[in-house]
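Welcome! Take a moment to look over the model below, and then we can walk through a few of its corners together.

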Amino acid sequence: MAGSTFGNLFRITTWGESHGAAIGVVVDGCPAGLTLCSEDIQKYLNRRKPGQTQYTTQRKEADEVEILSGIFEGKTTGTPISMIVRNTSQRSGDYSDIASYYRPGHADYTFDEKYGFRDYRGGGRSSGRETIGRVAAGAVAVKLLGQLGITVDAYVESIGPVSISMDRFNLEEARRNPTGMPDAEASAQAEEYLQKCIENQDSAGGVVCCKVHGMPADKLDACLGQAVMSIGAVKAFAVGDGCEVSKKNGSTNNDAFCNVNGQISKKTNHAGGILGGISDGSDIILRAYFKPTPSIYQKQQTVNQAGEEIEIQIKGRHDPIVVSRAVVVVEAMTAVTILDELLRNMTSRLDGIKKFYHK
């Protein structure tokens with residue numbers, strides 16, 4: 001499947017460039033009858049909007065969504081939902097000097113090698129603005145999942161060397177502070193760290209943790225990995241305890257099953273809610289590991305298109321860290337993936353098909 005299209009039954013296709021006229025998405029396969037309006041989409045887009053804190057790019061964009069199709073009298077019609085967000089603050093001149101060389105950590109070189117040319121204005125399709133379409137589609141998926149009692153919530157677990165404490169966990173705190181961390185004390189420490197990064201003309205990486213509650217049994221592992229790893233700045237993906245399981249024994253890693261009020265449950269959740277690639281009914285826990293923003297103001301060594309070694313100093317408006325704005329992107333790609341898999345899972349058992357068609 002093309003790199004801009006995700007899903008099978010619930011399928012999304014994103015389009016547009018960072019400094020083009022607009023960014024958008026087409027959502028195909030959303031069932032008819034879902035109550036949906038632009039406000040449902042906008043509240044998610046507002047969470048990834050630039051220029052809201054000193055730790056995000058100061059590019060000023062309203063990121064206002066317009067729904068072009070697929071909605072009638074406040075409900076989805078079952079036809080493709082097309083959404084557009086117009087770019088209003090392009091400053092392509094900030095990038096004109098990079099047309100002749102390759103920025104370290106960016107996709108400049110790889111785009112040139114694959115396509116023979118590239119859109120150097122803000123990175124084109126490799127820019128973080130590409131995620132606008134993902135978030136808009138994810139908002140639709142979240143709304144639909146809510147009808148099934150399934151919730152998707154993400155937050156920043158760590159920034160650089162600063163990690164949250166689950167003893168102080170408060171998801172509402174993550175939605176109101178500039179770091180996206182559900183721990184006020186850790187957030188304050190992270191802000192101090194980020195301030196030092198800014199003073200040093202540097203950037204920072206971090207980890208986003210996402211929790212899915214209410215998911216029934218379904219095949220998920222590989223699909224979630226593909227979806228989350230497709231987010232531009234993500235360099236690693238983990239479910240449950242992730243890489244830490246390699247240090248454990250079976251006796252300490254296995255989640256013991258138990259009976260809670262007649263319902264099969266688990267005493268722990270090292271597996272992150274997925275066993276044998278299939279969700280087991282407990283909370284799905286996944287993590288996305290984001291690299292530091294490659295655009296830093298320090299002088300760096302690189303080469304130009306002629307292969308000559310040169311020294312550069314990048315200009316423009318750049319995020320010193322991306323994880324705080326990427327939280328909602330991880331939520332969106334998770335929601336799109338699990339909704340698509342739920343729709344596909346409807347055909348996995350004969351009794352389910354009979355129940356649907358013979359009422």
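## A buried aspartate and its partners

A polar contact here is a pair of N or O atoms within 3.5 Å; within protein, one of the two must be able to donate a hydrogen and the other to accept it. Keep in mind as you read that this is a predicted model.

A polar atom of the Asp-255 side chain lies 3.0 Å from the backbone nitrogen of Ala-271. The side chain of Asp-255 also reaches the backbone nitrogen of His-270, at 2.7 Å.

Is Asp-255 buried or exposed? Its relative accessibility is 11%, so Asp-255 counts as buried, because the buried class covers anything under 20%. Setting aside neighbours within four places in sequence, Asp-255 is in contact with Lys-266, Thr-268, Asn-269, His-270 and Ala-271.

Next, find Thr-76 in strand β6, which covers residues 75-76. Thr-76 has a relative accessible area of 4%, so this residue is buried.

Not counting residues up to four places away in sequence, Thr-76 touches several others, among them Cys-30, Pro-31, Ala-32, Gly-33 and Leu-34. The list also includes Gly-70, Ile-71 and Ile-81.

## Aromatic pairs

How many aromatic pairs are there? The count comes to four. One of them is Phe-111 with Tyr-115, a tilted pair with 5.4 Å centre to centre and 45° between the planes. Phe-111 and Tyr-115 both belong to helix α2 (residues 108-115), where they are four residues apart, about one turn of the helix. Phe-111 is partly exposed at 25% relative accessibility, and Tyr-115 is partly exposed too, with 47%.

Another pair is formed by Tyr-155 and Phe-169: edge-to-face, with 5.0 Å centre to centre and 75° between the planes. This pair links distant parts of the chain, with Tyr-155 in strand β8 (residues 151-159) and Phe-169 in the loop between β9 (162-163) and α4 (171-176), 14 residues apart. Tyr-155 counts as buried at 8% relative accessibility, whereas Phe-169 is partly exposed with a relative accessible area of 31%.

## The second largest pocket

Rolling a probe the size of a water molecule over the atoms shows where empty space is left. The second largest pocket has a volume of about 500 Å³. Of the 15 residues lining the second largest pocket, Asn-345, Met-346, Thr-347, Gly-352 and Ile-353 are the closest to its centre.

Two or more lining residues come from each of α8 (323-345) and α9 (350-357). Which element gives the most to this lining? That is α9, with six residues. By type, the lining of the second largest pocket divides into eight nonpolar, four polar and three charged residues.

## Two residues with positive phi

Most residues other than glycine have a negative phi. Glu-73 has a positive phi of about 55° although it is not a glycine. Glu-73 lies in the loop between β5 (71-72) and β6, and with a relative accessible area of 70% Glu-73 is exposed.

Gln-201 is not a glycine either, and its phi is positive at about 55°. Look for Gln-201 in the loop between α5 (184-199) and β10 (206-213), where its relative accessible area of 35% makes Gln-201 partly exposed.

Definitions and conventions. Residues numbered from 1 in each chain as written. Predicted model: local features only at pLDDT ≥ 70, side-chain atom pairs only at ≥ 80, totals over all residues. Heavy atoms only, no water. Buried < 20%, exposed > 50% of the residue type's maximum accessible area, 1.4 Å probe, protein only. Contact = heavy atoms within 4.5 Å. Phe/Tyr/Trp six-rings, centres within 6.5 Å; stacked < 30°, edge-to-face > 60°. 1 Å grid on protein atoms, 1.4 Å probe; cavity = no way out; pocket = protein on both sides within 12 Å on 5 of 7 lines; lining within 4 Å. Points joined across faces, edges and corners; volume = space filled by probe spheres on them. Nonpolar A, V, L, I, M, F, W, Y, C, P; charged D, E, K, R; others polar.
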